[in-house]
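Please examine the structure shown below.

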Amino acid sequence: MSWLGALGAAGADAHVTSAGEIGARVGSGEWSAVNVARSHLERIRLLSDKYKFFCFVYEEEALAAAAEIDRVERQGGEPGPFWGVADALKDFLPTKGKVTTPGSAALRDWVPTEDSPEVERLGQAGGILLGNTTSSKLAHAARPTVARSTRLPVRSCPNPHGGGT
C-alpha cells in the first residue's frame with residue numbers, strides 16, 4: 001500500500017482537510033502525521049514552480065517532526081491542539097537556525113538564534129512547520145525583494161501586501 005493509500009479515503013485530500021479534523025485523526029491514530037506531512041509536501045512540489053509561494057521548504061525537518069508525533073501518539077502521549085497539522089509561516093517570522101529574510105535584500109543572510117513566539121507555539125501545539133512562504137519586503141511592500149514573486153491563482157488579491165499567500 002502506498003503512503004497515500006495508508007491515509008485512508010480522505011488521505012488524498014489532506015491538504016484541504018481542516019486543521020481540527022487532521023489533529024483529531026492523527027491524535028486518534030487513524031492517520032499518520034508522516035503521511036499527512038508527505039501529502040502536503042507533495043502538493044507543494046506540484047504547485048510551487050507555478051505559484052512560487054514558498055521561499056523555503058523544510059522537508060527533512062518536517063518529516064522528522066511528524067515521525068516524532070507518530071512515535072509519541074503510539075506511546076499514548078497526549079495530543080496537542082494541532083497534533084500532526086502541517087503548516088507554513090510567512091518568512092518574516094524568525095525561525096531558529098533557518099534563513100529568515102522578511103522579503104528584504106538587507107536580511108537575505110539573517111539566521112535567527114531564537115524562534116518567534118508563533119513558531120514556538122506551533123511546535124508546542126504539535127504542529128509541523130513545512131516551510132516559510134514568501135513575504136513582501138518587511139511585510140510592508142507590494143513585492144518581495146529577495147524571494148521570487150508569488151503568482152496568484154486568481155486575478156485579484158484581497159491583501160496585496162501579503163505576497164499573495
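**The sheet and its surroundings**

Strand β1 and strand β3 (residues 128-133) run antiparallel and are joined by three bridges. The model in which this pairing is found is a predicted one. Within the pairing, Val 57 has Gly 131 in β3 as its bridge partner. Strands of a sheet pair through backbone hydrogen bonds, in either a parallel or an antiparallel manner.

The pairing of β1 with β3 belongs to an open sheet of three strands, whose order is β1-β3-β2 and whose pairing is mixed. Because β1 (54-57) and β2 stand at the edges, each with a single partner strand, one side of each is left without a neighbour in the sheet. From one strand to the next, the twist averages 35 degrees.

Helix α4 (residues 59-74), in turn, lies across β1 and β3 and runs at about 160 degrees to β3.

The loop residue remains to be considered. Lys 98 is found in the loop between β2 (86-90) and α5 (117-124). Which residues is Lys 98 in contact with, leaving aside its neighbours within four places in sequence? They are Tyr 58, Glu 61, Trp 110, Val 111 and Pro 112. In the case of Tyr 58, the separation from Lys 98 is 40 residues in sequence, while in space the two are 9.3 Å apart, C-alpha to C-alpha.

Conventions
Residues numbered from 1 in each chain as written. Predicted model: local features only at pLDDT ≥ 70, side-chain atom pairs only at ≥ 80, totals over all residues. Heavy atoms only, no water. Helix = DSSP H or I, 4+ residues; strand = E, 2+ residues; numbered from the N terminus. Contact = heavy atoms within 4.5 Å. Pairing = 2+ DSSP bridges. Axes fitted to C-alpha atoms, helices over the stretch in contact; angles between N-to-C directions.
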